[in-house]
Amino acid sequence: MKRNVIRKIIEGLSLTSVMFVFQACYGTPQDFGLDLLIEGQVKSKASGLPIKGIKVSVAHNMQYVQTDEEGKFSFYAEASKELTLRFQDIDSDQNGLYVDKDTVLTDLSKNVYLDIALEEK
Amino acid sequence: MLSSIKKYCFRKFRDSETKRHELNYLFWECTRRCNLNCLHCGSDCSKESIHRDMPAEDFFQAIDTIENIPQNFTVVFTGGEPLLRKDLEFCGKELRKRGFKWSIVTNGYLYDKQRHISLLNAGIGALTISLDGLKESHNWLRNNEKSFDKVINAIELAASSKRINFDIVTCVNQKNINELEQIRDLLILKNVKAWRLFTIIPIGRACHNSDLSLTDNQFVQLLDFIVKCRKSKEIDVKFSCEGYVGKYELLVRDSYFFCRAGINIGSILIDGSISACPNIDRAFSQGNIYTDNFYEIWKNKFQLFRNREWTKIGQCKSCEEYKDCQGNGFHNWHGEKNNVLVCHNGKVENAMKVKNLLH
């Protein structure tokens, strides 16, 4: 703690702003951690069974994943004040036919877990 | 007066960081395979490598020895070309589970839309892409006629994501020194925010090509270009931290020169060696993850990195700038280590002497 304070003081005195945010000469810039983990499971509203192959995407963004055998999905998304997730059945009737659904996330201060139920067509 | 106080404070800061010796930045040389065959490769990488890729579990076993993970701890995947690893996203997710951030250094050739999405999904946070000139000069250095188009595509993808903190690096050489302004304009057009400029150190394949090194005058031309760009503030341009540049310090970067290799920067190399930046002479390895506890080595060894008095040899022995330079970037000590490979400040001073004589 005391050391950190001393570091900050020396940093201020040398009037250079980036001493704690360095990058190696052949390395990348620092990651400022501007994302959050979004996880969840997609099930059928009628049967309660997990649905495979549902496309989970972020609206206005190219990112997407597909649900696995257990209907589960997991990905990191860019942190923002609000995020719209889109759940789409894209594999025709291969794993059943379901109505698309949008979910708006507003509390993005921490990682998110979602239970999504899709209605059958 | 103010400048002297700043320098004094910075030296104190550097000494305190050296004593503290906190691991903040870890390179993982996850493959030595590369899809390109660049003329300047300091690692002598090629399509086939005698080293097999390090299994992910070996790497995780090593880093799981790290105690009290420092804030902003980052793992940087390097190579070879990291995108050749099919389990890159798996490794990235595993790192995030452990609370580590991660990033990659890439030549951009394999960075297409699908890979961009899967890397974002896996929690990538930063990226460095190499662009070494306009089409002809880039493809010449990269030894591949499609490389420029591929890397421009990669840059456009990276620039489209607010999530990724990315920059472009350019190795300045005889072929591209006179097109820096055009490269800058191209990067601005592509919405790139940060650009780092390097010179090429004569190690690996770079030893064999005289077109790769800059003359003293060209080196000063490069630094003057960076100074000019930084004034205009259209894009964040800086000189890499490869070496001490005397009177140009703070004019070409945000902070004074400080080689943090082995002080805050460590690496796990392809054969398990524990070292600092991957371009450092491998004779400096401090241990091996297959025989040693990684974090014990980090904490208890690395003396040659933390006390650089041994670099007071050759032209550094009587140099007046030594207390600020401390033997230049650590990767400048190869082979017999009787003298620094490149003295950046020496190049600046030589160019100035010639200029003064002419006037």
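Predicted model: local features only at pLDDT ≥ 70, side-chain atom pairs only at ≥ 80, totals over all residues.

Visitor: How many helices and strands does chain A have?

Guide: Chain A has 1 helix and 7 strands, where helices (H or I, at least four residues) and strands (E, at least two) are DSSP runs numbered from the N terminus. Along the sequence the pattern reads α-β-β-β-β-β-β-β.

Visitor: And what share of chain A is buried?

Guide: Of its 121 residues, 26% count as buried, a word that asks for 20 or more other C-beta atoms within 10 Å of a residue's own, against 12 or fewer for exposed and partly exposed in between, with C-beta atoms placed from the backbone.

Visitor: Which strands of chain A make the open sheet in mixed pairing?

Guide: That sheet has 3 strands in the order 4-1-7, and two strands pair if DSSP finds at least two bridges between them. Strand 4 (72-78) and strand 7 (112-118) of chain A are at the edges with a single partner strand each, so one side of each has no neighbour in the sheet. Strand 1 (residues 35-44) of chain A runs antiparallel to strand 4 of chain A, with 7 bridges joining them, and A:Gln41 has A:Lys72 as its bridge partner.

Visitor: What about strand 5 of chain A, which residues are on its covered face?

Guide: The covered face of strand 5 (residues 83-89) of chain A holds A:Leu83, A:Leu85, A:Phe87 and A:Asp89, whereas A:Thr84, A:Arg86 and A:Gln88 are on the uncovered one. Strand 5 of chain A pairs in the antiparallel sense over 5 bridges with strand 2 (residues 54-58) of chain A, where A:Leu85 is the bridge partner of A:Val58. Strand 5 of chain A also pairs with strand 6 (residues 101-105) of chain A, again antiparallel over 5 bridges, and there A:Phe87 stands opposite A:Lys101.

Visitor: Switching to chain B, in what order do the strands of its open sheet come?

Guide: The order is 7-6-5-4-3-2-1-8-9-10, which makes 10 strands with mixed pairing. Strand 7 (236-239) and strand 10 (287-288) of chain B are the edges, each with a single partner strand, so one side of each is left without a neighbour in the sheet.

Visitor: Which residues of helix 2 of chain B are buried?

Guide: In helix 2 (residues 56-63) of chain B they are B:Phe59, B:Ala62 and B:Ile63. They cover an arc of only 90 degrees around the axis, judged by the directions from the helix axis to the C-beta atoms, which puts them on the same side of helix 2 of chain B.

Visitor: Last topic, how many residues does each chain bring to the contact?

Guide: Chain B brings 43 residues and chain A brings 31 residues, and two residues are in contact if their C-beta atoms, placed from the backbone, lie within 7 Å. On the side of chain B that touches chain A, helix 1 (2-20) of chain B is among the elements that supply at least two residues, and helix 1 of chain B gives the largest share, 7 residues.

Notes:
Residues numbered from 1 in each chain as written. Chains lettered and ligands numbered in written order.
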